[in-house]
Amino acid sequence: MSTMSPTAAHAAPLTDRPVETTRSWKLPIGYGVFTLVALVLFGLLHRPGSTTFRLANAGDFFQLPDVPLAVGATGTIVIVLLALGTAYAVWVVSRNGRVPLWVTSVFAILFVVGFLTWAAAGATIPLPGLLVGALGLSVPLVFGALGGVISERVGVVNIAIEGQFLGGAFVSAMIGSLTGSAWVGLVGAIIAGVLVSFVLAAFSIKYLVDQVIVGVVINAFISGLTGFLYSQVLSPAEQTLNVGIRFPTLPIPLLHQIPVIGPVFFEQNVIVYLAYIAVAVVTFALFKTRWGLRLRAVGEHPQAADTVGINVSRTRFWNVSLAGAVAGLGGAYFTLGSVGPFAKDMTAGAGYIALAAVIFGRWDPIRATLAALLFGFASNLQNVLGSINSPVPSEFLLMLPYVVTIFAVAGLVGQSRGPAASGKPYIKS
């Protein structure tokens, strides 16, 4: 039987809504924690003066005026609004409801505005520059999160995103340097990501090894291998093997001159534009195509998928490989789209943050992308606050992205359910 029956296609396990069987107070508690933090920072540790937000660049179509915000008044308003948001979340959850995503988004934006106003008192924050840097740090996370969504939706936990990043970054830098072409380097990164995924797929699908253990071992192996090759091969021949080929910036005519969003979204390089396409394609294909239906069926109920003629092992193997190709593109961004030359362990744990984005995004491509953007913003925030001599301790700024990751996954994700068969080997009966 080559196609899925209507019953299987509309079965409950294939729904994309998280199943919440019990009332979860994690989200209201997370709201409450951030409200208390705001009360301490913006109220008890009040700072005088105002913060100016610069909204436009010199080349924009028209110039938007700078926006000064009084630290005291802004902090008070933000505290009140956050408290109202917390009360609303408590009320919704007490009635066994779910807090809408837009409420959490507005809550997060309010906290960020209040925090930036407080931390940068007396200084000017160039908003376009802040957002451009945040998007740049988010791009590899977006690719990694998409790869993680594909892999876990088909039933394989992809802990090896970090290894796929490193493999893609190393191969893209070396091949790009040898050929003088960033495009060839990009293809090399895709192949590297696929090869790393082959190892994950072979051990976890064919030999039924624990998927988490395989992923951790792969990450350690790729880290050691790329570090060894960097010191023994690339470093002695940097002028030929690690030149630092990069994609040039390609501004989209007219669009890149739109204030604020123009420089952020439309004045980027090819890999960033590929990230936009990848999000749209993966989202559409996962929920609107036969391929996506089969993939989700295998990740939710492989026995049922097998009975209607789907080869579970083959479907998992090739989709894990596809996930590796997507993650390999994220690895290429570290070199071809950002710094150019490869450096030892340059991904710095980004693969694990991408995996957190998958969980925070509830295994949904759009939500995972938004989570990746949040983590990228937190990473860039430390750079901006450091440049304006913010009173926030530098040690806290360094740990900020990881603090946000922990709070997001543990406190704001609420109760959610991943694919039912994710992490479980399938043995054909």
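1. Let's start with Phe342. Leaving out residues up to four places away in sequence, Phe342 touches Leu166, Ala169, Phe170, Ala173, Thr226, Tyr230, Leu234, Asn242 and Thr335. Bear in mind that this is a predicted model.

2. Phe342 also turns up in the largest nonpolar core, which has 74 residues. Along with Val139, Phe143, Ile271 and Phe375, Phe342 touches the most other members of that core. Helix α14 (residues 312-339) supplies the largest share of this core, at 10 residues. There is a second, separate core as well, with 37 residues, Ile79, Leu82, Val99 and Ala120 among them.

3. Asn242 deserves a look of its own. You'll find Asn242 in the loop between α9 (238-241) and β4 (250-251). Asn242 counts as buried because its relative accessible area is 6%, and the cut-off is under 20%. The Asn242 side chain reaches the backbone nitrogen of Phe342 at 2.8 Å. Setting aside neighbours within four places in sequence, Asn242 is in contact with Ala173, Ser177, Tyr230, Leu234, Ala237, Pro341 and Phe342.

4. Now for the surface. Ile261, Phe265, Tyr276, Ile277 and Val281 make a nonpolar patch of about 420 Å². Two elements, α10 (261-265) and α11 (270-288), each give two or more residues to the patch, and α11 gives the most, with three.

5. For context, nonpolar side chains in soluble globular proteins tend to be buried together.

Methods
Residues numbered from 1 in each chain as written. Predicted model: local features only at pLDDT ≥ 70, side-chain atom pairs only at ≥ 80, totals over all residues. Heavy atoms only, no water. Core = buried A, V, L, I, M, F, W, Y, C linked by side-chain atoms within 4.5 Å. Buried < 20%, exposed > 50% of the residue type's maximum accessible area, 1.4 Å probe, protein only. Helix = DSSP H or I, 4+ residues; strand = E, 2+ residues; numbered from the N terminus. Contact = heavy atoms within 4.5 Å. Polar contact = N/O pair within 3.5 Å; in protein donor to acceptor, adjacent residues only side chain to side chain. Patch = residues over 30% accessible without salt bridge, like charges linked within 9 Å, V, L, I, M, F, W, Y side chains within 5 Å. Areas by Shrake-Rupley, 256 points an atom, 1.4 Å probe, with all protein chains shown as cover. Salt bridge = Lys/Arg side-chain N within 4 Å of Asp/Glu carboxyl O.
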